[in-house]
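Open your viewer and get ready to click along. We will take the tour one selection at a time.

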Amino acid sequence: MTKDLSRKDTTLGDALRSKGISRRSFLKFCAATASMMALPPSMIPTIANALEKARRPSVIWLSFQECTGCTESLTRAHTATVESLIFDSISLDYHHTLQAAAGHAAEAAREAAMEENKDKYLVVVDGSIPMDNPGYSTIAGISNYDMLVDTAKHAAAIVTVGTCAAFGGIPHAKPNPTGAVAVSDIIKDKPIINVSGCPPIPVVITGVLTHFLTFGTIPDLDNLGRPKTFFGQSIHDRCYRRPFYDKGLFAESFDDEGAREGWCLYKLGCKGPTTYNACATTKWNGGVSFPIESGHPCIGCSEPNFWDGGGFYKAISIPTENLTQTAIYSAAAGAAVGVAAGTLGRIKKSAAGKAHDKVTIDDLEK
Amino acid sequence: MLETGETRMIDLRSIPLAPGEEQTIIDTLCCGEVHATLNALGPSEIHETRFTGVWLVTHYNEENSVIGRFIEITKIPDILQSQQEDMAIALQQLESELDEWGESDKTETQAETNT
């Protein structure tokens, strides 16, 4: 007998089978998932068994001061992958951009989901929260602040999707006219997983959901609350142009020989050394490429205060010696120079962010 | 494995390889007598390597991007075997189709008798 897939007790296995996904395909997905989440292959049967039996979690998605790019990132997948099937298999009980209901009917759906799944539902947030005047952003007459606090009260965990929800993002940029803050500035008593990026990589969002479904816990997080699996290494460390950095070969402009040869974009303002994300390995547009592969420096969109970081096309720091000399040291010291440059840039960027001052190339040279 | 039957699986993506090293591993191992292709949410290529019992399994998504690459030390990779759940569904499907066939045959025989 066909199972009613709208029921809350439907398992993920039921949902996938109803879509014609064979067990063999499911095992293949679990193998790829284990690899993506940096888990040992011996975990594949565990992942398969846990996902097979996992109940569809209730998810309440709150959109505050945002541009809908994060939702677009997740829902505009090129093909129906199993990752997207995982997303389809959750019970998305509230998402005012995607749902048919509006106004009070939509709010009733949110309240019903909270009541039915008390202490078990996940809250996904995209967008920052205005603290100056609640009227800057409201939904059905409810301020973003009130809606967040009310919805988070009985949530199992909160996933912030995008840099706006994770760190304040573009609304938080100087002069921050709405007094925008991140979710973590308001909610202090719930586990928060920051999936930053502008927008974030879709597979990272589904990776976090898969981890929650598999283990019932949140993944290991870095000091900024981001899953280490995806944010554990800098773009610079995983960049395929890194060997050019080590050899001191840099593009000086967007149309010089270095640019044509695919050399390192460090001098053109690449924020790869200070940016932690999975773009260099997971890539974008169905694995086609990522910004650096397309010839543009990384703008550091997954980091706090990236908009106030001193200009997208300004190098994050200028070594005291010329870069060719630095590269010689780099070759001798491995990644140490890159790490040091990254650390220096992060410190300066952090200071700039706190002061909300624009950092110029001159400031960085001081 | 020869002594205990214990199988092992190595995720090549978990090893920090320099550019070209993964290809070197593939070139060194491949290829042996068996090559199979799966079509399950995108293709998968399964090769037994020159070293019997050592398999190279590469999973692709529907856009032919590699989503996982493993070395398996086993007699036959699990993913090649028919899965219990799929067999149960297949059995139901086979019975259903045979029933339909039988019904259709019965109707035709009845029609001929009436004629």
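Which residue takes a positive phi in the hairpin of E4(B) and E5(B)? Select B:Asn64: its phi is positive, near 65°, and the hairpin has five residues between the strands. Strands (E, at least two residues) and helices (H or I, at least four) are DSSP runs numbered from the N terminus.

A word on what you are viewing: this is a predicted model, where local features need pLDDT of at least 70, side-chain atom pairs count only at pLDDT 80 or more, and totals for chains, interfaces and linings use all residues. Residues are numbered from 1 along each chain as its sequence is written, while chains are lettered from A and ligands numbered from 1 in the order in which they are written.

Next, select E4 (residues 54–60) and E5 of chain B, which pair in the antiparallel sense over seven bridges; pairing requires at least two bridges found by DSSP. Here B:Thr58 stands opposite B:Arg69.

Look for B:Met9 opposite B:Glu72.

Zoom out to the whole open sheet of chain B: five strands in the order E1-E5-E4-E3-E2, with antiparallel pairing. E1 and E2 (35–39) are its edge strands, each pairing on one side only.

Finally, show both chains. Their contact (C-beta atoms, placed from the backbone, within 7 Å) takes 21 residues from chain B and 19 residues from chain A. On the side of chain B that touches chain A, E5(B) gives the most, with three residues.

Terms used. Contact = placed C-beta atoms within 7 Å.
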